[in-house]
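Student: I would like to learn how to read a structure of this kind. Please take me through it one feature at a time.

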Number of protein chains: 2
Amino acid sequence: MSHRLQATTTLLSLLVRRGETVAVAESLTAGLIGAALADPPGASSAFVGGVVSYATELKHRLLGVPADLLAREGAVHPEVAAAMASGVRRLTGATYGLAATGVAGPGSQDGKPPGVVHLAVSGVGGRVWHRDLNLAGTREEIRQFTVNEAVDLLRGVLEANLGEQSG
Amino acid sequence: MSHRLQATTTLLSLLVRRGETVAVAESLTAGLIGAALADPPGASSAFVGGVVSYATELKHRLLGVPADLLAREGAVHPEVAAAMASGVRRLTGATYGLAATGVAGPGSQDGKPPGVVHLAVSGVGGRVWHRDLNLAGTREEIRQFTVNEAVDLLRGVLEANLGEQSG
């Protein structure tokens, strides 16, 4: 079993055990996070789907990211990731929204160089967890690394919550 | 350049040349078609994003697939693929909606065995193109083959339209 399949299998098991679900909102990865979460057989028990908001306009149109935030900060910003995560959670009814926005390259976007990536998880009660990355590598490497980090971020959130619940 | 990257680069060039865009609505592929379309640098000129409606409920909730169609036929049906394609086109404002629904396996779904896949393209004026597949292979092979067929279907539609325009 590949490292990633192992990681997504663990993540989905954690969710299923808690009766929780996840939806994704992706930009630079364009569907790779969803595809990774759907990789383990039986993934539909915890992964519901999500939105690929590749064009900036769709971040507002489909996910409700505030237009003034996008106008002011561009699409690559921690608050945009948080709004994407909250938006997809609201849209799908999933327990968690997991979002990624960033620059895969080769060119810059909105003044940010390739490798700048912002991840966010939105959970119950409006809680948001952030992870900001500065990655090196090719377009493909940046996208693949982002998938691994996104899966890892949500696993960390679930394990922390589990600690809270049992502590 | 890999065969797939060559195919998606060709597809995006055809769209850019015509000033047209595409959005995706994915089920069994869970984001792989979007990721493939975003693979070529500069993809944002023609690929806008889309919806991953992995859970059947999201096909209705996000894409407007009629609930009675889903109740009657299940999620794996040519009409569902067509409704997904039309739904994502309407939702995003893209010129074309490209949709895939099917069974990746290992188990059956809604009475359909692994490898049954329905693709659809929705275009201007409510026109819909269909491609129905019976694939053999592992879960991963079925998903990857579906991506190739989806890219190929849209390329075929664009080339046919081009013929119409110039003919």
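Tutor: We will go through the symmetry, the interface, the aromatic pairs and some backbone features. This is a predicted model, in which local features need pLDDT of at least 70 and side-chain atom pairs count only at pLDDT 80 or more, while totals for chains, interfaces and linings use all residues. Residues are numbered from 1 along each chain as its sequence is written, chains are lettered from A and ligands numbered from 1 in the order in which they are written, and side-chain values use heavy atoms, with hydrogens and water left out.

Student: What rotation and shift superpose chain A on chain B?

Tutor: Two copies of a chain are related by a rotation about an axis and a shift along it. Here a rotation of 180° with 0.0 Å of shift along its axis places chain A on chain B, with an RMSD of 0.0 Å. In chain A, the C-alpha nearest the axis belongs to A:G31, 1.8 Å from it.

Student: What area is buried between chain A and chain B?

Tutor: Buried area is the accessible area (1.4 Å probe) that two parts lose on being put together, summed over both. For chain A and chain B it is about 2300 Å², and carbon and sulfur atoms give 58% of that. On the side of chain A, the residues that lose the most area to chain B are A:V52, A:Y54 and A:R139, together 20% of what that side buries.

Student: How many salt bridges are found across the interface?

Tutor: A salt bridge is a side-chain nitrogen of Lys or Arg within 4 Å of a carboxyl oxygen of Asp or Glu. The rule finds 2 across the interface of chain A and chain B. One of them joins the side chains of A:R143 and B:D39, at 2.9 Å from N to O.

Student: How are the rings of A:F47 and B:Y54 placed?

Tutor: A pair of aromatic rings is described by the distance of the centres and the angle of the planes. Rings of Phe, Tyr and Trp (its six-membered ring) pair if their centres lie within 6.5 Å; planes under 30 degrees apart count as stacked, over 60 as edge-to-face and the rest as tilted. The centres of A:F47 and B:Y54 are 5.3 Å apart with the planes at 45°, so this pair is tilted. A:Y54 and B:F47 also form a tilted pair, with 5.3 Å between centres and 45° between planes.

Student: Is A:F47 buried or exposed?

Tutor: Buried means under 20% relative accessible area, exposed over 50%, and partly exposed in between (1.4 Å probe, protein chains only). A:F47 has 0% and is buried. B:Y54, at 13%, also counts as buried.

Student: Which peptide bond of chain A is cis?

Tutor: A cis peptide bond joins A:G105 and A:P106, with omega about 5°. In chain B, the bond from B:G105 to B:P106 is cis, with omega near 5°.

Student: What is phi of A:A30?

Tutor: Phi of A:A30 is near 60°, a positive value in a residue other than glycine. A:A30 is buried, with a relative accessible area of 0%. B:D110, not a glycine either, has a positive phi of about 50°; at 43% relative accessibility, B:D110 is partly exposed.

How values were computed
Copies are superposed by least squares on the C-alpha atoms of residues with pLDDT of at least 70 in both.
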